[in-house]
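Please read them with the model open beside the text.

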Amino acid sequence: MNRIKLVLAASFAAAFVWTIASGDRVSSQTNKGPAKDDLSELSASQNLALRPVTEAPAGFDNLTNGFVDQAGFNTALETFNEREEFDEGLGPIYNAAGCAECHTNPVSGGISQITELRAGKFNGFVFTDHPGGSLIQSRASDASIQEHILDGYNVQSFRTSLNILGDGFVEAVANDTLIALSQNQFFQSGGRISGQIIAVPVVEANGALRVGRFGWKNQHASLLSFAGDAYVNEMGITNPLFPDELTSNGNPVDMFDPLPNIESLEDTDVFAEFMRATKAPPRGAVTAASVSGEQTFNAIGCAICHVPTMRTAPAGTLINGGALTVSPALGDKSFHPFGDFLLHDIGTGDGIVQNGGPSTRNKVRTAPLWGVRTRNRLMHDGESLTFTDAILRHRGEAQFVTNRFNTLTTDEKRNLTAFLRSL
Ligand code: HEC
Ligand code: HEC
(Lines give C-alpha, C1' and ligand atoms only; values in the text may rest on other atoms or scores of the structure.)
(Ligands and ions follow the chains in the order given, each with its own letter.)
Protein backbone atom coordinates (compact mmCIF):
# COMPACT_ATOMS: atom_id res chain seq x y z
CA MET A 1 0.00 0.00 0.00
CA ASN A 2 1.33 3.39 -0.90
CA ARG A 3 1.90 5.91 1.78
CA ILE A 4 0.22 8.94 0.40
CA LYS A 5 0.37 12.52 1.48
CA LEU A 6 -2.62 14.68 2.15
CA VAL A 7 -2.73 17.44 -0.38
CA LEU A 8 -4.95 20.39 0.21
CA ALA A 9 -6.58 21.73 -2.91
CA ALA A 10 -5.56 25.36 -2.91
CA SER A 11 -8.93 26.65 -4.05
CA PHE A 12 -10.70 25.78 -0.84
CA ALA A 13 -7.89 25.13 1.59
CA ALA A 14 -8.40 28.53 3.09
CA ALA A 15 -12.08 27.89 3.64
CA PHE A 16 -11.96 24.57 5.39
CA VAL A 17 -9.76 21.68 6.21
CA TRP A 18 -10.26 18.79 3.88
CA THR A 19 -10.43 15.58 5.83
CA ILE A 20 -9.97 12.29 4.11
CA ALA A 21 -9.36 9.48 6.52
CA SER A 22 -7.73 6.42 5.10
CA GLY A 23 -8.66 2.83 5.78
CA ASP A 24 -7.57 1.19 9.02
CA ARG A 25 -4.99 -0.92 7.27
CA VAL A 26 -3.13 2.08 5.98
CA SER A 27 -3.85 4.65 8.62
CA SER A 28 -1.51 5.82 11.28
CA GLN A 29 -1.14 9.05 13.18
CA THR A 30 1.14 10.42 10.47
CA ASN A 31 -0.67 9.16 7.40
CA LYS A 32 -3.51 11.57 6.77
CA GLY A 33 -4.90 9.57 3.84
CA PRO A 34 -4.81 9.78 0.09
CA ALA A 35 -4.86 12.96 -1.90
CA LYS A 36 -8.17 13.87 -3.44
CA ASP A 37 -6.72 13.55 -6.95
CA ASP A 38 -5.64 9.97 -6.30
CA LEU A 39 -9.27 9.04 -5.71
CA SER A 40 -10.54 10.56 -8.94
CA GLU A 41 -12.53 8.17 -11.14
CA LEU A 42 -13.58 10.67 -13.82
CA SER A 43 -11.26 12.14 -16.41
CA ALA A 44 -10.73 15.88 -16.20
CA SER A 45 -12.64 16.43 -19.46
CA GLN A 46 -15.78 14.65 -18.26
CA ASN A 47 -18.37 17.20 -17.21
CA LEU A 48 -21.29 15.18 -15.87
CA ALA A 49 -23.58 18.20 -15.90
CA LEU A 50 -23.36 18.34 -19.70
CA ARG A 51 -24.14 14.67 -20.27
CA PRO A 52 -27.65 13.35 -20.92
CA VAL A 53 -29.05 11.46 -17.96
CA THR A 54 -31.95 9.04 -17.63
CA GLU A 55 -34.01 8.07 -14.62
CA ALA A 56 -32.96 4.89 -12.78
CA PRO A 57 -35.74 2.30 -12.75
CA ALA A 58 -37.49 1.97 -9.38
CA GLY A 59 -39.87 -0.66 -8.01
CA PHE A 60 -40.49 -3.19 -5.25
CA ASP A 61 -41.23 -5.75 -7.95
CA ASN A 62 -38.41 -8.33 -8.12
CA LEU A 63 -37.59 -7.19 -11.64
CA THR A 64 -34.11 -6.51 -12.98
CA ASN A 65 -32.87 -2.98 -13.60
CA GLY A 66 -31.26 -4.25 -16.81
CA PHE A 67 -27.81 -5.04 -15.38
CA VAL A 68 -28.57 -8.70 -16.15
CA ASP A 69 -31.57 -10.16 -17.96
CA GLN A 70 -34.63 -11.28 -15.98
CA ALA A 71 -33.63 -14.96 -16.04
CA GLY A 72 -30.21 -14.04 -14.63
CA PHE A 73 -31.86 -11.85 -12.02
CA ASN A 74 -34.18 -14.68 -10.96
CA THR A 75 -31.25 -17.06 -10.51
CA ALA A 76 -29.27 -14.50 -8.50
CA LEU A 77 -32.33 -13.72 -6.40
CA GLU A 78 -32.70 -17.41 -5.61
CA THR A 79 -29.09 -17.56 -4.37
CA PHE A 80 -29.63 -14.43 -2.29
CA ASN A 81 -32.77 -16.01 -0.79
CA GLU A 82 -31.08 -19.34 -0.04
CA ARG A 83 -30.72 -20.52 3.56
CA GLU A 84 -27.55 -22.49 4.25
CA GLU A 85 -27.26 -25.49 6.59
CA PHE A 86 -24.33 -26.30 8.88
CA ASP A 87 -23.18 -29.07 6.51
CA GLU A 88 -23.21 -26.52 3.69
CA GLY A 89 -20.81 -24.16 5.41
CA LEU A 90 -23.02 -22.13 7.74
CA GLY A 91 -21.42 -21.11 11.05
CA PRO A 92 -20.39 -22.32 13.53
CA ILE A 93 -20.54 -18.66 14.66
CA TYR A 94 -23.09 -16.64 12.68
CA ASN A 95 -26.03 -14.24 12.72
CA ALA A 96 -28.46 -15.80 10.24
CA ALA A 97 -28.64 -18.54 7.61
CA GLY A 98 -29.15 -16.39 4.52
CA CYS A 99 -28.88 -12.84 3.21
CA ALA A 100 -32.64 -12.51 2.76
CA GLU A 101 -33.31 -13.28 6.43
CA CYS A 102 -32.22 -9.73 7.17
CA HIS A 103 -32.72 -8.05 3.79
CA THR A 104 -36.33 -8.83 3.02
CA ASN A 105 -38.90 -6.05 3.47
CA PRO A 106 -41.02 -5.62 1.39
CA VAL A 107 -39.07 -7.70 -1.18
CA SER A 108 -35.68 -9.43 -1.02
CA GLY A 109 -32.96 -6.82 -0.81
CA GLY A 110 -35.02 -4.49 1.39
CA ILE A 111 -34.60 -3.88 5.10
CA SER A 112 -35.71 -5.83 8.19
CA GLN A 113 -36.17 -5.29 11.88
CA ILE A 114 -33.15 -7.48 12.66
CA THR A 115 -30.42 -5.66 14.55
CA GLU A 116 -26.86 -6.68 15.20
CA LEU A 117 -24.63 -6.19 18.18
CA ARG A 118 -21.31 -4.33 18.10
CA ALA A 119 -18.87 -3.73 20.91
CA GLY A 120 -15.45 -2.41 21.75
CA LYS A 121 -13.57 -0.48 24.40
CA PHE A 122 -12.72 3.22 24.61
CA ASN A 123 -10.29 4.43 27.27
CA GLY A 124 -10.70 8.11 26.53
CA PHE A 125 -8.02 8.08 23.83
CA VAL A 126 -8.02 4.85 21.88
CA PHE A 127 -10.78 2.55 20.65
CA THR A 128 -10.06 -1.19 20.76
CA ASP A 129 -12.20 -3.83 19.05
CA HIS A 130 -13.88 -6.50 21.12
CA PRO A 131 -11.88 -9.77 20.92
CA GLY A 132 -13.04 -11.47 17.72
CA GLY A 133 -14.00 -8.13 16.12
CA SER A 134 -16.57 -5.44 16.93
CA LEU A 135 -19.43 -7.51 15.46
CA ILE A 136 -20.69 -9.89 18.15
CA GLN A 137 -22.36 -12.81 16.34
CA SER A 138 -25.61 -13.74 18.03
CA ARG A 139 -25.94 -17.41 17.05
CA ALA A 140 -23.72 -20.46 17.33
CA SER A 141 -24.09 -24.10 16.34
CA ASP A 142 -23.01 -25.14 19.84
CA ALA A 143 -23.95 -23.42 23.11
CA SER A 144 -20.37 -23.62 24.39
CA ILE A 145 -19.10 -21.23 21.74
CA GLN A 146 -21.79 -18.54 22.01
CA GLU A 147 -20.23 -15.06 21.79
CA HIS A 148 -20.92 -12.57 24.59
CA ILE A 149 -19.80 -9.03 25.28
CA LEU A 150 -17.02 -9.34 27.83
CA ASP A 151 -16.85 -7.16 30.94
CA GLY A 152 -15.01 -3.91 30.40
CA TYR A 153 -16.10 -3.48 26.78
CA ASN A 154 -17.92 -0.26 27.45
CA VAL A 155 -18.82 0.70 23.87
CA GLN A 156 -21.93 -1.25 22.89
CA SER A 157 -24.38 -0.67 20.09
CA PHE A 158 -27.22 -2.11 18.06
CA ARG A 159 -27.29 -1.63 14.30
CA THR A 160 -30.31 -2.22 12.12
CA SER A 161 -30.24 -4.04 8.78
CA LEU A 162 -29.87 -1.76 5.78
CA ASN A 163 -31.60 -1.56 2.44
CA ILE A 164 -29.60 -2.81 -0.54
CA LEU A 165 -32.18 -2.21 -3.30
CA GLY A 166 -30.73 0.24 -5.79
CA ASP A 167 -27.23 -0.06 -4.34
CA GLY A 168 -25.80 -0.76 -7.81
CA PHE A 169 -26.49 2.89 -8.58
CA VAL A 170 -24.78 3.98 -5.38
CA GLU A 171 -21.72 1.91 -6.27
CA ALA A 172 -21.68 3.52 -9.73
CA VAL A 173 -21.37 7.05 -8.30
CA ALA A 174 -17.86 8.34 -8.96
CA ASN A 175 -15.66 9.25 -6.00
CA ASP A 176 -15.41 12.72 -7.54
CA THR A 177 -19.18 13.22 -7.15
CA LEU A 178 -19.15 12.39 -3.43
CA ILE A 179 -16.11 14.59 -2.82
CA ALA A 180 -17.79 17.53 -4.62
CA LEU A 181 -20.96 16.92 -2.60
CA SER A 182 -19.07 17.17 0.67
CA GLN A 183 -17.52 20.47 -0.45
CA ASN A 184 -20.93 21.82 -1.46
CA GLN A 185 -22.42 20.96 1.91
CA PHE A 186 -19.85 23.12 3.59
CA PHE A 187 -20.84 26.15 1.55
CA GLN A 188 -24.59 25.40 1.62
CA SER A 189 -24.61 25.23 5.41
CA GLY A 190 -22.35 28.16 6.21
CA GLY A 191 -19.61 25.78 7.31
CA ARG A 192 -21.73 23.83 9.76
CA ILE A 193 -22.00 20.63 7.73
CA SER A 194 -19.35 18.86 5.72
CA GLY A 195 -19.75 15.15 5.35
CA GLN A 196 -16.56 13.22 5.93
CA ILE A 197 -15.09 11.28 3.05
CA ILE A 198 -13.21 8.13 4.01
CA ALA A 199 -11.15 6.03 1.65
CA VAL A 200 -11.54 2.31 2.31
CA PRO A 201 -9.88 -0.74 0.76
CA VAL A 202 -11.59 -2.46 -2.19
CA VAL A 203 -10.82 -6.04 -1.21
CA GLU A 204 -11.10 -7.52 -4.72
CA ALA A 205 -8.71 -4.86 -6.09
CA ASN A 206 -5.84 -5.73 -3.74
CA GLY A 207 -6.98 -3.14 -1.26
CA ALA A 208 -6.99 -0.19 -3.68
CA LEU A 209 -8.66 2.75 -1.94
CA ARG A 210 -12.09 4.09 -2.87
CA VAL A 211 -14.55 6.46 -1.20
CA GLY A 212 -16.59 4.37 1.28
CA ARG A 213 -20.38 4.46 0.90
CA PHE A 214 -21.86 1.19 2.22
CA GLY A 215 -22.70 0.26 5.80
CA TRP A 216 -23.63 2.59 8.68
CA LYS A 217 -19.96 3.60 8.92
CA ASN A 218 -19.21 3.65 5.17
CA GLN A 219 -16.98 0.67 5.84
CA HIS A 220 -17.06 -0.50 2.21
CA ALA A 221 -16.96 1.02 -1.26
CA SER A 222 -17.79 -2.05 -3.34
CA LEU A 223 -20.76 -4.42 -3.25
CA LEU A 224 -18.52 -7.41 -3.91
CA SER A 225 -16.35 -6.48 -0.91
CA PHE A 226 -19.49 -6.13 1.21
CA ALA A 227 -20.82 -9.49 -0.01
CA GLY A 228 -17.58 -11.25 0.97
CA ASP A 229 -17.60 -9.52 4.35
CA ALA A 230 -21.27 -10.38 4.98
CA TYR A 231 -20.81 -14.00 3.89
CA VAL A 232 -18.24 -14.60 6.61
CA ASN A 233 -19.48 -12.18 9.27
CA GLU A 234 -23.23 -12.84 9.00
CA MET A 235 -23.18 -16.49 7.95
CA GLY A 236 -19.72 -17.75 8.99
CA ILE A 237 -18.88 -18.73 5.41
CA THR A 238 -15.29 -17.97 4.47
CA ASN A 239 -14.56 -16.97 0.90
CA PRO A 240 -11.53 -15.94 -1.16
CA LEU A 241 -12.06 -12.26 -0.27
CA PHE A 242 -12.43 -13.01 3.46
CA PRO A 243 -10.56 -16.30 4.09
CA ASP A 244 -10.29 -16.08 7.90
CA GLU A 245 -12.70 -18.13 10.01
CA LEU A 246 -14.62 -16.30 12.71
CA THR A 247 -13.69 -16.86 16.33
CA SER A 248 -15.79 -16.92 19.47
CA ASN A 249 -14.62 -13.94 21.53
CA GLY A 250 -11.22 -14.45 19.93
CA ASN A 251 -11.01 -18.22 20.52
CA PRO A 252 -10.81 -20.57 17.52
CA VAL A 253 -13.91 -22.67 16.80
CA ASP A 254 -12.51 -24.88 14.02
CA MET A 255 -13.47 -28.08 15.86
CA PHE A 256 -17.11 -27.09 15.53
CA ASP A 257 -16.87 -26.42 11.81
CA PRO A 258 -17.82 -29.44 9.67
CA LEU A 259 -16.94 -27.56 6.49
CA PRO A 260 -13.90 -25.38 7.05
CA ASN A 261 -13.04 -25.04 3.36
CA ILE A 262 -13.18 -21.70 1.69
CA GLU A 263 -16.17 -21.38 -0.64
CA SER A 264 -15.47 -20.40 -4.21
CA LEU A 265 -15.83 -16.81 -5.30
CA GLU A 266 -18.99 -17.80 -7.17
CA ASP A 267 -21.51 -17.14 -4.40
CA THR A 268 -20.15 -13.71 -3.51
CA ASP A 269 -20.13 -12.82 -7.22
CA VAL A 270 -23.78 -13.83 -7.47
CA PHE A 271 -24.74 -11.79 -4.39
CA ALA A 272 -23.00 -8.77 -5.92
CA GLU A 273 -24.72 -9.39 -9.24
CA PHE A 274 -28.12 -9.52 -7.54
CA MET A 275 -27.50 -6.30 -5.65
CA ARG A 276 -26.21 -4.51 -8.76
CA ALA A 277 -29.31 -5.60 -10.71
CA THR A 278 -31.91 -4.38 -8.20
CA LYS A 279 -34.15 -1.43 -8.92
CA ALA A 280 -34.17 1.56 -6.61
CA PRO A 281 -36.86 1.76 -3.91
CA PRO A 282 -39.90 3.44 -5.51
CA ARG A 283 -41.73 6.49 -4.14
CA GLY A 284 -45.00 5.94 -2.30
CA ALA A 285 -48.17 7.95 -2.92
CA VAL A 286 -47.53 11.65 -3.42
CA THR A 287 -50.24 13.85 -1.87
CA ALA A 288 -50.80 17.57 -1.41
CA ALA A 289 -49.50 17.18 2.15
CA SER A 290 -46.35 15.34 1.05
CA VAL A 291 -45.63 17.95 -1.63
CA SER A 292 -45.90 20.70 0.96
CA GLY A 293 -43.75 18.66 3.38
CA GLU A 294 -41.11 18.24 0.71
CA GLN A 295 -40.83 22.02 0.37
CA THR A 296 -40.26 22.31 4.11
CA PHE A 297 -37.71 19.45 3.98
CA ASN A 298 -35.73 21.43 1.41
CA ALA A 299 -36.26 24.82 3.03
CA ILE A 300 -35.05 24.00 6.55
CA GLY A 301 -31.92 22.13 5.42
CA CYS A 302 -32.80 18.43 5.72
CA ALA A 303 -31.88 18.08 2.04
CA ILE A 304 -28.30 19.25 2.64
CA CYS A 305 -27.56 15.75 4.01
CA HIS A 306 -30.59 13.84 2.74
CA VAL A 307 -29.73 14.72 -0.87
CA PRO A 308 -32.77 14.14 -3.13
CA THR A 309 -31.02 13.43 -6.43
CA MET A 310 -27.67 11.96 -7.34
CA ARG A 311 -26.20 10.64 -10.56
CA THR A 312 -23.96 7.80 -11.54
CA ALA A 313 -20.76 7.94 -13.57
CA PRO A 314 -20.94 7.39 -17.35
CA ALA A 315 -21.09 3.80 -18.62
CA GLY A 316 -17.56 2.58 -19.23
CA THR A 317 -16.06 4.39 -16.22
CA LEU A 318 -13.58 2.22 -14.36
CA ILE A 319 -14.45 2.07 -10.65
CA ASN A 320 -13.66 -0.05 -7.58
CA GLY A 321 -9.92 0.33 -8.02
CA GLY A 322 -10.20 -0.94 -11.60
CA ALA A 323 -12.14 -4.08 -10.65
CA LEU A 324 -15.46 -2.95 -12.18
CA THR A 325 -16.60 -1.02 -15.25
CA VAL A 326 -19.86 0.91 -14.94
CA SER A 327 -22.36 -0.94 -17.15
CA PRO A 328 -24.81 0.75 -19.55
CA ALA A 329 -27.72 -0.20 -17.25
CA LEU A 330 -26.16 1.71 -14.36
CA GLY A 331 -24.28 4.53 -16.11
CA ASP A 332 -25.56 8.13 -16.48
CA LYS A 333 -28.56 7.40 -14.26
CA SER A 334 -30.31 9.81 -11.98
CA PHE A 335 -31.64 8.36 -8.71
CA HIS A 336 -33.19 9.62 -5.48
CA PRO A 337 -31.52 8.27 -2.34
CA PHE A 338 -32.32 11.20 0.00
CA GLY A 339 -28.89 10.58 1.45
CA ASP A 340 -25.31 11.69 0.77
CA PHE A 341 -23.37 8.51 1.63
CA LEU A 342 -21.09 10.65 3.81
CA LEU A 343 -20.31 10.44 7.52
CA HIS A 344 -21.61 13.02 10.01
CA ASP A 345 -21.57 13.64 13.71
CA ILE A 346 -25.19 14.39 14.59
CA GLY A 347 -24.70 13.33 18.19
CA THR A 348 -25.84 9.75 17.64
CA GLY A 349 -22.53 8.05 16.86
CA ASP A 350 -22.12 4.59 18.33
CA GLY A 351 -18.45 4.95 19.28
CA ILE A 352 -17.32 2.08 17.09
CA VAL A 353 -14.29 2.58 14.82
CA GLN A 354 -14.25 0.65 11.55
CA ASN A 355 -12.47 1.41 8.29
CA GLY A 356 -12.51 5.16 8.79
CA GLY A 357 -10.05 5.50 11.67
CA PRO A 358 -10.44 7.35 14.99
CA SER A 359 -12.01 10.54 13.58
CA THR A 360 -15.11 8.55 12.59
CA ARG A 361 -15.75 7.09 16.04
CA ASN A 362 -18.87 9.12 16.65
CA LYS A 363 -19.99 9.52 13.07
CA VAL A 364 -22.72 7.74 11.15
CA ARG A 365 -23.58 7.75 7.45
CA THR A 366 -26.65 9.84 6.63
CA ALA A 367 -29.45 7.29 6.51
CA PRO A 368 -30.69 7.23 2.90
CA LEU A 369 -34.42 7.87 3.17
CA TRP A 370 -35.48 6.07 -0.02
CA GLY A 371 -37.90 3.37 1.10
CA VAL A 372 -38.00 4.74 4.67
CA ARG A 373 -41.79 4.14 4.71
CA THR A 374 -40.95 0.42 5.03
CA ARG A 375 -39.05 1.01 8.29
CA ASN A 376 -40.72 1.25 11.71
CA ARG A 377 -37.53 1.25 13.81
CA LEU A 378 -35.42 4.20 12.86
CA MET A 379 -31.79 5.36 13.15
CA HIS A 380 -28.79 3.02 13.25
CA ASP A 381 -29.89 1.50 16.55
CA GLY A 382 -33.58 1.21 15.61
CA GLU A 383 -34.45 3.04 18.82
CA SER A 384 -36.51 5.89 17.36
CA LEU A 385 -40.05 4.75 16.71
CA THR A 386 -41.56 7.83 15.07
CA PHE A 387 -40.22 10.21 12.46
CA THR A 388 -40.46 13.08 14.95
CA ASP A 389 -38.40 11.16 17.51
CA ALA A 390 -35.77 10.44 14.86
CA ILE A 391 -35.62 14.11 13.82
CA LEU A 392 -35.31 15.31 17.43
CA ARG A 393 -32.23 13.11 17.92
CA HIS A 394 -30.41 15.11 15.21
CA ARG A 395 -27.92 17.33 17.06
CA GLY A 396 -24.27 18.16 16.34
CA GLU A 397 -23.85 19.08 12.68
CA ALA A 398 -27.65 18.98 12.24
CA GLN A 399 -28.51 21.07 15.33
CA PHE A 400 -29.33 24.24 13.40
CA VAL A 401 -31.70 22.27 11.15
CA THR A 402 -33.38 20.68 14.18
CA ASN A 403 -33.78 24.16 15.66
CA ARG A 404 -35.61 25.22 12.52
CA PHE A 405 -37.77 22.07 12.70
CA ASN A 406 -38.75 23.06 16.23
CA THR A 407 -40.09 26.39 14.99
CA LEU A 408 -42.43 24.79 12.41
CA THR A 409 -46.21 24.94 12.91
CA THR A 410 -48.13 21.76 13.73
CA ASP A 411 -49.39 21.63 10.13
CA GLU A 412 -45.90 22.01 8.70
CA LYS A 413 -44.63 19.20 10.92
CA ARG A 414 -47.54 16.98 9.91
CA ASN A 415 -46.83 17.61 6.24
CA LEU A 416 -43.12 16.89 6.72
CA THR A 417 -44.09 13.52 8.22
CA ALA A 418 -46.42 12.92 5.26
CA PHE A 419 -43.47 13.55 2.96
CA LEU A 420 -41.26 11.07 4.83
CA ARG A 421 -44.07 8.54 4.61
CA SER A 422 -44.09 8.99 0.83
CA LEU A 423 -40.41 7.97 0.50
C1 HEC B 1 -28.18 -11.13 10.42
C2 HEC B 1 -28.65 -10.16 9.50
C3 HEC B 1 -27.92 -9.98 8.17
C4 HEC B 1 -27.59 -10.93 7.24
C5 HEC B 1 -27.78 -12.43 7.32
C6 HEC B 1 -26.99 -10.21 6.15
N7 HEC B 1 -26.99 -8.86 6.41
FE8 HEC B 1 -26.37 -7.41 5.14
N9 HEC B 1 -26.64 -6.03 6.62
C10 HEC B 1 -27.09 -6.30 7.89
C11 HEC B 1 -26.87 -5.16 8.74
C12 HEC B 1 -27.20 -5.08 10.22
C13 HEC B 1 -26.26 -4.18 7.95
C14 HEC B 1 -25.68 -2.87 8.45
C15 HEC B 1 -24.25 -3.25 8.89
C16 HEC B 1 -23.45 -2.15 9.51
O17 HEC B 1 -23.24 -1.12 8.88
O18 HEC B 1 -23.00 -2.34 10.64
C19 HEC B 1 -26.13 -4.76 6.61
C20 HEC B 1 -25.63 -4.07 5.52
C21 HEC B 1 -25.47 -4.64 4.26
C22 HEC B 1 -25.02 -3.92 3.09
C23 HEC B 1 -24.75 -2.43 3.01
C24 HEC B 1 -25.92 -1.74 2.36
C25 HEC B 1 -25.79 -0.24 2.25
O26 HEC B 1 -26.44 0.36 1.39
O27 HEC B 1 -25.04 0.36 3.02
C28 HEC B 1 -24.90 -4.83 2.09
C29 HEC B 1 -24.44 -4.54 0.68
C30 HEC B 1 -25.27 -6.12 2.62
N31 HEC B 1 -25.64 -5.96 3.95
C32 HEC B 1 -25.26 -7.30 1.90
C33 HEC B 1 -25.51 -8.55 2.48
C34 HEC B 1 -25.32 -9.83 1.78
C35 HEC B 1 -24.86 -9.99 0.36
C36 HEC B 1 -25.65 -10.81 2.66
C37 HEC B 1 -25.55 -12.32 2.48
C38 HEC B 1 -24.24 -12.82 2.18
C39 HEC B 1 -26.04 -10.16 3.89
N40 HEC B 1 -25.95 -8.80 3.74
C41 HEC B 1 -26.48 -10.82 5.02
C42 HEC B 1 -27.68 -7.48 8.28
C43 HEC B 1 -27.53 -8.69 7.63
C1 HEC C 1 -26.03 16.91 9.12
C2 HEC C 1 -26.71 15.98 8.26
C3 HEC C 1 -28.20 15.74 8.48
C4 HEC C 1 -29.23 16.64 8.45
C5 HEC C 1 -29.15 18.13 8.24
C6 HEC C 1 -30.43 15.89 8.66
N7 HEC C 1 -30.13 14.54 8.80
FE8 HEC C 1 -31.47 13.05 9.06
N9 HEC C 1 -29.94 11.76 9.37
C10 HEC C 1 -28.60 12.08 9.33
C11 HEC C 1 -27.82 10.97 9.83
C12 HEC C 1 -26.31 10.93 9.96
C13 HEC C 1 -28.73 9.96 10.16
C14 HEC C 1 -28.42 8.59 10.79
C15 HEC C 1 -28.21 8.79 12.28
C16 HEC C 1 -28.15 7.51 13.08
O17 HEC C 1 -28.62 6.48 12.61
O18 HEC C 1 -27.59 7.54 14.19
C19 HEC C 1 -30.05 10.48 9.86
C20 HEC C 1 -31.25 9.76 10.03
C21 HEC C 1 -32.50 10.26 9.72
C22 HEC C 1 -33.74 9.49 9.79
C23 HEC C 1 -33.84 8.02 10.17
C24 HEC C 1 -33.93 7.18 8.91
C25 HEC C 1 -33.77 5.70 9.08
O26 HEC C 1 -33.85 4.98 8.06
O27 HEC C 1 -33.54 5.22 10.20
C28 HEC C 1 -34.75 10.33 9.43
C29 HEC C 1 -36.23 9.99 9.34
C30 HEC C 1 -34.17 11.62 9.14
N31 HEC C 1 -32.80 11.52 9.32
C32 HEC C 1 -34.87 12.73 8.75
C33 HEC C 1 -34.31 14.01 8.70
C34 HEC C 1 -35.10 15.22 8.56
C35 HEC C 1 -36.61 15.26 8.38
C36 HEC C 1 -34.22 16.25 8.61
C37 HEC C 1 -34.53 17.72 8.62
C38 HEC C 1 -35.41 18.15 9.72
C39 HEC C 1 -32.88 15.70 8.73
N40 HEC C 1 -33.00 14.33 8.81
C41 HEC C 1 -31.70 16.43 8.73
C42 HEC C 1 -28.06 13.26 8.88
C43 HEC C 1 -28.77 14.43 8.73
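1. The iron atom of ligand 1 has a single donor from the protein, NE2 of His103, at 2.1 Å. Donors here are N, O and S atoms within 2.8 Å of the metal (3.2 Å for Na, K and Ca); water is not among the atoms, so sites may look incomplete. His103 sits in the loop between α3 (99–102) and β4 (115–122). Helices (H or I, at least four residues) and strands (E, at least two) are DSSP runs, numbered from the N terminus.

2. This is a predicted model, in which local features need pLDDT of at least 70 and side-chain atom pairs count only at pLDDT 80 or more, while totals for chains, interfaces and linings use all residues. Residues are numbered from 1 along each chain as its sequence is written, chains are lettered from A and ligands numbered from 1 in the order in which they are written, and side-chain values use heavy atoms, with hydrogens and water left out.

3. Around ligand 1 there are 28 residues, of which Cys99, Cys102, His103, Arg159 and Asp167 are the closest; a residue counts as near if one of its heavy atoms lies within 4 Å. By class the shell has 14 nonpolar, 8 polar and 6 charged residues. Ala, Val, Leu, Ile, Met, Phe, Trp, Tyr, Cys and Pro count as nonpolar, Asp, Glu, Lys and Arg as charged, and the others, Gly among them, as polar.

4. Oxygen atoms of ligand 1 have polar contacts (pairs of N or O atoms within 3.5 Å) with a side-chain atom of Asp167 at 2.7 Å, a backbone N or O atom of Gly215 at 2.7 Å and a polar side-chain atom of Arg365 at 2.8 Å. The elements giving two or more residues to this shell are α3, β4, β8 (155–160), α6 (223–235) and α7 (265–276). The largest share, 6 residues, comes from α6.

5. Which side chain has an N or O atom 2.6 Å from an oxygen atom of ligand 2? Thr348 has one, and Arg375 also has one at 2.6 Å. A backbone N or O atom of His380 lies 2.6 Å from an oxygen atom of ligand 2.

6. Elsewhere, 3 strands form an open sheet of mixed pairing, in the order β2-β16-β13; strands pair if DSSP finds at least two bridges between them. The edge strands are β2 (54–55) and β13 (310–311). β13 and β16 (333–335) run antiparallel, joined by 2 bridges, and Arg311 stands opposite Ser334 in β16.

Terms used
Polar contact = N/O pair within 3.5 Å; in protein donor to acceptor, adjacent residues only side chain to side chain.
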